[in-house]
Amino acid sequence: MALIDVKVPDIGDFDEVAVIELLVKVGDTVKAEQSLITVESDKASMEIPSSTAGVVKELKVALGDKVKEGSVVLVLEAAGEAAAAPASASASPAPAPSVPAAVAAPAQASAAATPAAASGPVEVHVPDIGDFKDVAVIEVLVKPGDKIALEQSLITVESDKASMEIPSSAAGVLKELKVKVGDTVNIGDLLAILEGAAPAPSTAAPSGRAEPVPAAAQLLASPSTVPVQTASASAAPAHNPTATAPVGLPHASPSVRKFARELGVPLAEVKGSGLKGRITAEDIQSFTKSVMAGAVQTVAQAAKAPASSGGGSELGLIPWPKVDFAKFGPIERKEMGRIKKISGANLLRNAVMIPAVTNFDDADITDLEAFRVSTNKENEKSGVKVTMLAFLIKACVAALKKFPEFNSSIDGDALVYKQYWHIGFAADTPNGLMVPVIKDADKKGVLQISQEMGELARKAREGKLSPAEMSGATFTISSLGGIGGRYFTPIINAPEVAILGVCKSNMEPVWDGKAFAPRLMLPLSLTWDHRVIDGAAAARFNAYLGQILGDFRRVLL
């Protein structure tokens with residue numbers, strides 16, 4: 001074991017930058033290149049990565065401290081090759097982190113006289129943003145017709161760790177924008193065409209193309225000047241729409257903004273608890289939990305609320321009946337639980353908008369049930385109890401691979417065929433029905449699936465499921481096996497295109513060609529979206545699923 005000082009690497013021509021966020025704590029195990037702290041100058045912010053892997057023994061900085069190149073961030077206890085490195089190696093500055101370099105205007109540019117306007121259109125290209133390829137455009141800050149000033153930001157780009165604003169190398173009127181949100185760009189790519197433009201003398205090429213401006217620092221454009229558009233309006237960040245909207249734009253580090261986009265959280269509606277009101281990962285999590293609990297609503301939810309409570313008028317239906325029930329006898333009024341409030345609108349939308357059809361069938365699981373019972377006896381000491389639902393998940397994965405349209409989603413006029421198999425399963429909890437998701441079920445065995453199901457079901461009952469643990473499903477199973485019933489018509493969980501309902505198995509006499517034999521039969525109810533799937537495909541899916549459950553060796557084929 002050896003103690004290694006992790007220092008601030010070369011961050012460009014900056015004297016001191018403030019520490020605005022600590023991303024690790026003492027005792028944490030960190031990997032090489034894992035972000036440790038976030039620093040910020042007056043214009044930009046960046047995450048400082050670790051130069052080696054190890055366990056954090058001591059933090060040498062605190063929020064509000066000023067650091068510069070060579071400042072010790074923390075002390076790591078490293079092992080193996082990292083420990084064998086010479087002590088002098090830790091004293092040398094760590095290599096610059098792999099993040100796009102912010103483009104800083106030369107100090108002398110502001111003092112230079114304004115050049116004469118160009119006689120024709122001027123092309124604005126992506127300047128030198130460091131050794132990076134294909135950075136994504138996450139925001140467009142201008143539109144055709146806008147008057148653009150020299151060094152005014154045009155777009156925001158982002159890599160996996162960082163973001164920055166790309167400035168204009170000339171002044172003029174924006175005639176044409178060559179990129180849009182979602183595009184990827186590289187150094188030299190054409191961004192925009194300006195008319196009546198005045199290019200900076202130091203960067204203008206004879207052809208009118210602005211040459212790349214050298215990177216001034218490995219710093220990122222400040223997130224306080226980067227409003228991020230969320231990728232999903234259906235996610236549930238916490239926000240009280242009656243409160244006054246915060247002044248200014250979201251202030252958060254690149255990793256926090258990426259985390260927010262993954263959950264679909266609109267940062268503009270989040271109140272930051274960090275230094276200078278900076279939004280932290282904990283703020284995002286707290287926000288999401290508040291909405292999941294029904295304590296607050298997002299702006300999008302609030303906008304939809306009047307329509308959803310209008311009783312069908314938005315669909316051209318007659319209004320929902322208003323009745324004074326008390327005049328007919330005693331009543332008791334109870335508010336709906338938070339799960340019902342959250343899921344009700346989705347269920348109504350799915351039931352109304354999806355042309356759903358349900359196929360009913362039975363599967364012979366006599367042999368599979370015997371195998372399940374013997375498996376549990378053999379693994380009794382492990383504490384993992386295998387349920388029939390675990391076998392159903394594996395069987396469904398096999399059927400989904402054979403009939404890939406059942407693992408697809410509608411996207412406009414196209415179908416998105418997913419090359420992953422995440423299976424949701426309905427879990428009955430005191431607070432209502434929840435749907436945890438087994439990720440990558442195709443890569444897991446029945447024992448591992450059973451263990452994960454048990455953990456997820458426990459977290460669901462305790463109300464501790466995270467949004468990530470309930471998202472990403474490609475197919476859902478709703479099982480009423482422990483309760484009873486025969487068949488039912490489950491509602492498809494959009495954007496999925498099918499759902500399997502399962503009821504309690506029953507021992508029945510089945511004709512085998514010679515005599516009636518007692519067989520354990522499992523009722524199956526497959527609901528499918530008729531826009532994507534036809535009746536023949538649904539019948540084949542159910543038949544194939546039944547064959548697998550009847551002889552589980554088919555999963556191996």
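Let's start with contacts, meaning heavy atoms within 4.5 Å. In this protein chain, among contacts with a separation of 6 or more, 66% are between residues 24 or more positions apart. Please keep in mind that this is a predicted model, where local features need pLDDT of at least 70, side-chain atom pairs count only at pLDDT 80 or more, and totals for chains, interfaces and linings use all residues. Residues are numbered from 1 along each chain as its sequence is written, and side-chain values use heavy atoms, with hydrogens and water left out.

Now the overall picture. The protein chain has 557 residues, and 42% of them count as buried; that is under 20% relative accessible area, while exposed is over 50% and partly exposed lies in between, with a 1.4 Å probe and protein chains only. We have 11 helices and 28 strands. These are DSSP runs numbered from the N terminus: helices are H or I with at least four residues, strands are E with at least two.

Which order do its 4 strands have? The order is 1-8-6-3, in an open sheet with antiparallel pairing. Strand 1 (2-7) and strand 3 (29-30) are the edge strands, each pairing on one side only. Two strands pair if DSSP finds at least two bridges between them. Strand 6 (residues 54-59) and strand 8 (residues 72-78) have 4 bridges, and Val56 has Leu76 in strand 8 as its bridge partner.

Finally, find Phe325, in the loop between helix 6 (299-308) and helix 7 (338-353). Is Phe325 buried or exposed? Phe325 is exposed, because its relative accessible area is 54%.
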